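Here is a note for a colleague who is meeting this structure for the first time. Please read the points below with the model open beside you.

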Amino acid sequence: MAPTKKRNVSSAKTTEKSVKKAKMDLNTKVESILESRKNANDVFDILEFLESEKEKDVVSAVTACSNLFCTLLERKELFLGKLPGEEEALSGGYSAEEKYHMFMRHRYNSCVEILLEHLSHELYGVKESSLCCLIKFAAGEGQHPLEDLDWTEHYSFPRELIQAVVDRLLSKTSDNSLMISRFQEFLEMEDVRFYVMSSIRENVGKVMDKNKGALLPVYQNNVFTLMSNISIPSQESELTNFMVKQEDKHEDWKAAKLNEHKRVFERMWLGFLKYKLPSNMYKKILVILHDSILPHMSKPTLMIDFLTAAYEVGGAISLLALNGLFVLIHQHNLDYPDFYKKLYNLLEPSVFHVKYRARFFHLANLFLSSSHLPVYLVAAFAKRLARLALTAPPTALLIVLPFIYNLIRRHPSCRVLIHKPSTEGELLEDPYLMDEEDPAQCCALESSLWEIKALQKHYHPDVAKAAMSINTPLSEKEEDLCEVLEITTYELMERDLKKSQIKSVPLEFETATQLLKGGGDVLGQHFCLD
């Protein structure tokens with residue numbers, strides 16, 4: 001084993017030395033190119049390292065390219081404007097300096113193409129270093145544009161390079177969530193974020209139209225991951241961090257205006273949501289919609305079609321769509337026909353078992369908080385919940401029972417469900433129609449909440465105790481549901497186990513005090529009794 005170990009150590013040292021030598025050689029070549037144009041051909045050696053199969057060599061070459069081309073951009077030694085082909089540059093009547101600028105511009109373009117390809121590399125270290133280098137190039141191009149335009153009238157931002165980076169991140173075949181997470185750092189710059197949003201919208205339209213709107217799960221997941229990492233500032237005064245300074249034209253620049261950010265943000269999301277999405281993605285979007293998307297849109301009401309379509313899907317997706325609809329109804333005066341009818345039909349046994357149960361009951365409580373709702377509607381909700389309570393788990397019952405009590409408190413006319421003083425005889429069967437979809441036709445007011453009476457015999461003491469509250473007049477103060485919305489079965493069991501036990505159990509009225517103190521008198525007394 002010893003000889004093998006020595007060989008391994010030896011080879012490791014050799015590799016380390018070769019890496020250091022490669023770094024030194026690359027740095028030397030960069031310095032020689034920048035010192036004299038006679039050494040311009042050394043750039044080919046650097047680009048060759050950039051395509052190496054060894055990760056460390058590639059990362060070293062990326063650093064060398066970054067130093068070289070960023071310096072050339074600053075020195076303005078790269079050709080400006082429409083770049084002629086290399087053969088044309090050699091044969092045309094260009095000066096030696098122009099030919100040098102063309103030559104280095106071609107090498108720069110080759111470097112960018114290789115780096116863009118490396119964004120799909122199998123090694124993360126190569127992908128990350130390539131991404132950071134491309135952003136440095138973008139910053140350099142922003143300060144020293146390569147287009148031959150009148151920059152007193154135009155804005156100098158490298159949109160094409162940013163578009164190319166976005167196109168690579170939005171892969172159709174591989175999950176790029178890790179790289180997109182790394183890219184999030186650059187989205188904190190206002191102008192980068194603005195043009196990235198435009199690039200996403202353009203890319204989505206191009207890719208989805210080419211595939212005729214068919215599902216592309218990997219691609220759509222990459223798009224969603226990138227878009228969900230984009231957050232818009234709440235005030236225009238917060239737009240201060242720019243990668244490219246526009247000097248005098250900054251005030252008129254779209255990327256410096258909050259309304260323009262919102263408009264592009266809105267178009268990006270609407271462009272993505274108009275295509276068919278994987279079912280699991282509906283849930284991801286609806287979870288963040290009310291908090292991270294609607295507040296940043298210039299016209300949130302444009303999301304009505306998406307939300308109504310999601311609301312009609314059923315199940316957990318419908319529950320999640322309630323958040324967005326709540327925002328539109330309460331903050332943007334959305335008139336949604338048959339809203340309460342659809343909300344009523346969402347009350348099914350599965351509602352007690354879904355992941356988003358707490359959110360649903362919180363929103364349902366808000367929707368039913370108005371005192372102007374008709375009595376038949378509130379009674380229908382109370383009765384349907386009571387019927388569902390017969391098969392609900394204890395954790396759900398601790399939400400449902402206070403929920404029903406609060407409905408009765410808000411609408412005293414619903415007390416008829418508890419006590420009917422004018423009833424001549426007991427009903428032989430419940431007139432309530434559980435299968436009726438219209439709350440106005442379910443005959444809830446003709447029924448009673450006998451289900452709660454049945455729950456007074458529930459096996460769980462907390463549920464039985466909550467059900468017993470219906471026997472006494474309800475207080476005017478509503479019960480706070482926040483304390484029970486998030487309760488789990490585990491927490492319920494832990495709470496039961498931690499209840500204090502009775503420490504001493506009395507067995508007789510007078511405790512014996514002299515029995516074991518050696519008192520012969522006591523023993524004698526017993527013998528005398530015999």
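Leaving aside its neighbours within four places in sequence, which residues is threonine 225 in contact with?

1. Threonine 225 is in contact with Ser177 and Ile180, once its neighbours within four places in sequence are left aside, where contact means heavy atoms within 4.5 Å. Threonine 225 lies in helix 10 (residues 217-228), and helices here are DSSP runs of H or I with at least four residues, strands being runs of E with at least two, numbered from the N terminus. With a relative accessible area of 16%, threonine 225 is buried; buried means under 20% relative accessible area, exposed over 50%, and partly exposed in between, with a 1.4 Å probe and protein chains only.

2. Before going further, please note that this is a predicted model, in which local features need pLDDT of at least 70 and side-chain atom pairs count only at pLDDT 80 or more, while totals for chains, interfaces and linings use all residues. Residues are numbered from 1 along each chain as its sequence is written, and side-chain values use heavy atoms, with hydrogens and water left out.

3. As for the chain as a whole, its secondary structure comes to 23 helices and zero strands, and of its 530 residues 45% count as buried. Among contacts between residues at least 6 apart in sequence, 73% join residues at least 24 apart. The accessible surface comes to about 29700 Å², of which 52% belongs to carbon and sulfur atoms, with areas taken from the Shrake-Rupley method with a 1.4 Å probe; for residues, only the protein chains shown count as cover.

4. Valine 126, which has its place in helix 6 (residues 124-143), counts as buried because its relative accessibility is 0%. Apart from neighbours within four places in sequence, valine 126 is in contact with Glu55, Val58, His118 and His121. Valine 126 and aspartate 57 are 69 residues apart in sequence, and their C-alpha atoms are 9.7 Å apart in space.

5. A search of the whole structure finds 14 salt bridges, a salt bridge being a side-chain nitrogen of Lys or Arg within 4 Å of a carboxyl oxygen of Asp or Glu. One of them is formed by lysine 29 and aspartate 45, whose closest N and O atoms are 3.0 Å apart. This pair links distant parts of the chain, with lysine 29 in helix 1 (residues 2-35) and aspartate 45 in helix 2 (residues 43-50), 16 residues apart. Lysine 29 is partly exposed at 23% relative accessibility, and aspartate 45 is partly exposed at 29%.

6. The side chains of aspartate 167 and lysine 206 also meet in a salt bridge, at 4.0 Å from N to O. Here too distant parts of the chain are linked, since aspartate 167 belongs to helix 7 (residues 159-169) and lysine 206 to helix 9, 39 residues apart.
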